[in-house]
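Dear colleague,

Please find below the structure that I am handing over to you, together with its sequence. My notes on what was found in it follow.

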Amino acid sequence: MNLMFDRIGSLFFALVGALFIAESRNISSSAYGSQVGPNIFPFGLGVILILLSLRLLWETYKKGVAASSSESQSPLRYKRFLFILAATVLYVLVLEQLGYVISSFAFLLYAFTMMGSKNILKSGIVSLLFSVGVYVIYVHLLKGTLPGLPAWLGV
C-alpha cells in the first residue's frame with residue numbers, strides 16, 4: 001500500500017463526492033409530489049463517497065504514524081491499472097453494440113484475470129452470473145433500461 005497515493009486518492013474522491021452533492025442540487029427535488037426525487041441517489045452517493053474518503057484518509061494517517069521507515073511498500077502496478085483502464089474505455093464503447101450482458105461478462109472476466117485470478121472457469125461463472133443477475137434485476141424487476149442482446153445474434 002502506497003500511503004501517499006492513498007492520501008491523494010482520498011482527497012480526490014472527497015472532491016468528487018462534493019461535486020456529486022453540489023450537482024445533485026441542480027436536479028429537481030421531487031417528481032409529482034413524491035418524497036423521493038431524482039436528486040436523492042446522486043446526493044447519497046456523494047455523501048457515501050465523502051465518508052469513505054475520510055475513512056481512507058484517517059487510515060492512511062494512522063498507518064503513517066505506526067509504520068516504521070524500514071517497512072517496505074509494495075510497488076505500484078501502473079501497467080495493470082492502464083490495461084484495466086483501457087478495458088473500461090473499450091467496455092463503454094462496445095456496450096451499445098454488444099449489449100449489457102455480453103460486454104459486462106467480457107469486461108469482468110478480463111478484469112478478474114488482470115487482477116490475478118488463476119481459475120478462469122470460476123471467474124467466468126462469476127462474471128456470467130453477475131452480468132445476467134444485474135440485467136434481470138434491473139430490467140425485469142425494476143423496469144429500467146439496459147442495452148439488450150445484439151440484433152445480429154438473432155435471439
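A residue is called buried when its relative accessible area is under 20%, exposed when it is over 50%, and partly exposed in between, using a 1.4 Å probe and protein chains only. By that definition, buried residues make up 23% of the 155 residues in the protein.

Please note that this is a predicted model, in which local features need pLDDT of at least 70 and side-chain atom pairs count only at pLDDT 80 or more, while totals for chains, interfaces and linings use all residues. Residues are numbered from 1 along each chain as its sequence is written, and side-chain values use heavy atoms, with hydrogens and water left out.

Overall architecture

The protein contains 5 helices and 0 strands, taking helices as DSSP runs of H or I of at least four residues and strands as runs of E of at least two, numbered from the N terminus.

Helix 1

Helix 1 covers residues 3–24; at 1.5 Å a residue, its 22 residues should span 32 Å, and the 31 Å between its end C-alpha atoms agrees with this. The expected span is 1.5 Å times one less than the number of residues. The buried residues of this helix are Leu 3, Asp 6, Arg 7, Gly 9, Ser 10, Ala 14, Gly 17, Ile 21 and Ser 24. Seen down the helix axis, they fall within an arc of 165°, so they line one face of helix 1; the arc is taken from the directions from the axis to the C-beta atoms. Turned away from that buried side are the exposed residues Phe 5, Ile 8 and Leu 15.

Annotated transmembrane regions

An unreviewed UniProt entry places the feature "transmembrane region" at residues 40–58, 78–94 and 124–142; such annotations may be inferred rather than shown by experiment. In the model, residues 40–58 are 100% helix and 0% strand, with end C-alpha atoms 27 Å apart. Residues 124–142 are 95% helix and 0% strand, and their end C-alpha atoms lie 26 Å apart.

The salt bridge

The whole structure holds 1 salt bridge, meaning a side-chain nitrogen of Lys or Arg within 4 Å of a carboxyl oxygen of Asp or Glu. It joins the side chains of Glu 59 and Arg 55 (2.7 Å, N to O). These two residues are 4 residues apart in helix 2 (residues 40–66), about one helical turn. Glu 59 is partly exposed at 27% relative accessibility, whereas Arg 55 is exposed at 54%.

Yours sincerely
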